[in-house]
Amino acid sequence: MAAYNRYVVGAFLAACAIFLVVGSLQSALFAQLTVSGLANGGIYASLGVALVLIYRATQVINFAQGAIATFTTYVAWQLMTWGLSYWPAFFLTLGIAFVGGTLVELITIRPVERRGNVLTVVIATLGLLILVEGSVGWIWGAEIRFMPSAFPAHSEHIGGVAFSLQDLGTIGISVASVIVLWALFQFTKIGLAMRAAAFRPEAARLVGVRVSWMLSLGWGLAAVLGAVAGMMAAASPSVLLQPNMMDGVLIYAFAAAVLGGLESPAGAVVAGLLIGAMLNLLGSYVSWVTPQLLLPAAFVLMLIVLLVKPSGLFGRTQVRRV
Amino acid sequence: MAALLELRDVDARYGPVRALHGVTLTVGEGEIVALLGANGAGKTTTLRAVSGMVRRGGTVVFADRELRGTPESVARLGIAHVPEGRGTFSELTVWENLRLGAFTRHGSIDADAKRVLALFPWLGERKSQQAGTLSGGEQQMLAIGRAMMQRPRLLMVDEPSLGLAPLVVAEIFRVLKELNEKEGTAVLLVEQNARNSLAVSHRAYLLETGRVVLAGDSDELAQHEGIRRSYLGY
Amino acid sequence: MKVRGLIISAAAITIALIPFVLSDYHRSQGADVAVYAMAILGLNVVTGYTGQISIGHGAFMALGGYTTAILTHNHGWNDIATLPIALLVGFAAGVVVGVPALRFHGAYLALLTFAFALAVPQIAKNYSHFTGGTEGLALPTHTGLWLYGVGWACVAVIYVLTWLLLRGRTGRAFRAARDSEVAAASSGVSLAVYKTFAFGVSAAFAAVAGSIYVLVNNFVNPDVFGLTLSLYILIGAVVAGLGSLWGILVGAAFVQLLPIGLTSSHVISAEGVPVLFGAIVILVMALVPLGSAEVLRMAIGLPNRIRSSHDSSTPHSLEAR
């Protein structure tokens, strides 16, 4: 059964890849839309991996992930407004996000988790969403602000097609941050401990892993990924820096996580990129799909995936009560 | 010989149900002690009480320190607990499982890895195999190997023979005995299979409905009328 | 029992008489409280009584609100006449949503309804020739007293309906569905039907709430029914204690009046309100007053714990000291 599924999924992904490549070779517009779609997808993928990290470890769907990303993006903006140049502000924000994410888990989620109820924690994350988004408005106000970008605004011309550097940079940074995180999990002792704590908390305790600390660290890392997603999103032309900036992105990130398989970080990446590219193409090539319908489309996608194959593309195919 | 592990009057409960009533037992340095009893007698609960996985009353002393913490802290003090079901990290590889065993140790684990592979050479070939795909017997041996990586002073093993073929079981008990003799690791062994456990252990306790009803040297207990009838079948 | 009757009568009398000592503006705020009361009651029927969590009730309010708006604005209907229509539309939508909702539990349903809450305003924006798009539709105005009266009359009707529902066989079925799916199924109660019915009823109440909301504001556009609204309904339900009928009035008053009270007396700024609310939700969840705890535990249901496939074969260990 498992092998069959792997072939089907592999064939599906290969077909998508072929579709994108062939289309790009045929039409300059297609290529541009694909690349800018992949850039959006990179943002969905980063936030999606953050969601997967937390879900994998605690079965909690963290509704506040987008709001936390927004908050850290505002922090980056503030640092730059105070005079820091882009890259120092970027990395300092990542550090702040890590500490902040860890503290948030410690202070707000841990006391609720102690009650032991997944649904209670989920509602708490909703409370956290309201709290964090409110804090952004409280501290910085609701006016739209301008977020500088790491990349100059011009386009590169490759093979007669114009690609915006911003898009290429976003893809690069999103993919790079996910790879760095993956390396952390695969090759370090603490990464191994975090994976062990996520998969088998009881067994992990027996080998001396402080499981609750690992959860806090997981939130910290998720916040870092969220910060990357947020900073890339704010710099992109379609998203404006305002308190509810990541609400829509969060839905796409959820769709990516669900499609990829809620427990698979790799799945979230692949699904995120795919959703980004496909939605962008859909929006341009299919006439009745307006920009406003893209979010409902993502919702429908999630619904279909959860109805038909809840474990997603890369999830474990065991039967799970959804 | 001072007792390495001592349980004094330990109670334990799952919710409203009391599983252990005033259990008192000791494990000496370098001893193999067996806990016998039927299903539900409280053997597993005793190990969990030591590890801090269950609410308990009474006192547990290990190496002159009173244990009162979480399973993590108990592991760090030098107790390796191989639980019922082996506690294998199925999603991780064989090698990662072994690395996790050494989590509490600092510095190089090469020497430990060599020891484990010497004992279970076939593990060397399967390093990158997903642990969940190993057979039951292999997982049990992996679990013991993982515990060895910790270099514990006390190894607690819960039902190692469960669901395994006699040859595999014999191998596992041989490994435990070797560990004890060569490295001086104390072992607290929980087993329903009385014959094997009495053969390999120095002393044994018999638990019934959460109480210690019999205690003594394993050779003597193997001859004991009640045990022979109920647990050895003759 | 008698005490309860006294409290109910006292509350009813207070609600009936208070508008006469209030200004017109405050009366319309009282109507807003009625709106939240209906929406929260709707949410409680579904979450508190059948254990299905929904963060998308703002969408059902939108349905009711737009029904009323379109009928009055585009077709010249009398506003009160639109209310039963909104009720039916809401019920139908609730049933339509409730059927797939059966397949999902706990956090997954929360996720889907969350996405639903964000998707519906987008759809409304899209089909703007129908809905007036972002510019919205204007509605006839009414006095504060009219709004207050109509609003609370609806609340009374809905309370009575709920009370009747929960008394009889339906109520027993709801409670059975919440407490133990296995037991309910084996006693011949068709869980699917009752759960879907509960969703329909819950959505119907939210729809009527939406209609009144739109009348109070004389205006509707997609942003009115955004995510914030759904979240505030949830806050109200949490404060009320999920499953509690009486706490609902407290919850509704809390969500509607507290922010206004705090900002007008300059205790905190308007932007600080969500921060406070968020903190309160977290605190409530951390401390879990008995009402919420009991219901939430039921909402997950023991056989449906998502986490169970992760535990090792050893039995659940309790937390050590």
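Let's start with chain C, which has 14 helices and two strands. Keep in mind as you look around that this is a predicted model. Chain C is 321 residues long, and buried residues make up 51% of them. Now think about which parts of the chain meet one another: of the contacts in chain C with a separation of 6 or more, 81% are between residues 24 or more positions apart.

Next, turn to the place where chain C meets chain A. Here 44 residues of chain A are in contact with 48 residues of chain C. Which helices of chain A supply at least two residues each to this side? They are helix H4 (86-113), helix H5 (118-140), helix H8 (201-206), helix H10 (246-260) and helix H12 (291-308). The largest share comes from H5(A), with 16 residues.

You can find Arg153(B) in the loop between helix H6 (136-149) and strand S7 (154-158). Why is Arg153(B) classed as partly exposed? It has 19 other C-beta atoms within 10 Å, and a residue counts as buried only if that number is 20 or more, and as exposed if it is 12 or fewer. Leaving aside residues up to four places away in sequence, Arg153(B) touches Leu4(B), Ala63(B), Gly78(B), Thr185(B) and Ala186(B). Arg55(B), by contrast, is 98 residues from Arg153(B) in sequence and 24 Å from it in space, C-alpha to C-alpha.

How values were computed: Residues are numbered from 1 along each chain as its sequence is written. Chains are lettered from A and ligands numbered from 1 in the order in which they are written. This is a predicted model: local features need pLDDT of at least 70, side-chain atom pairs count only at pLDDT 80 or more; totals for chains, interfaces and linings use all residues. Helices (H or I, at least four residues) and strands (E, at least two) are DSSP runs, numbered from the N terminus. Two residues are in contact if their C-beta atoms, placed from the backbone, lie within 7 Å.
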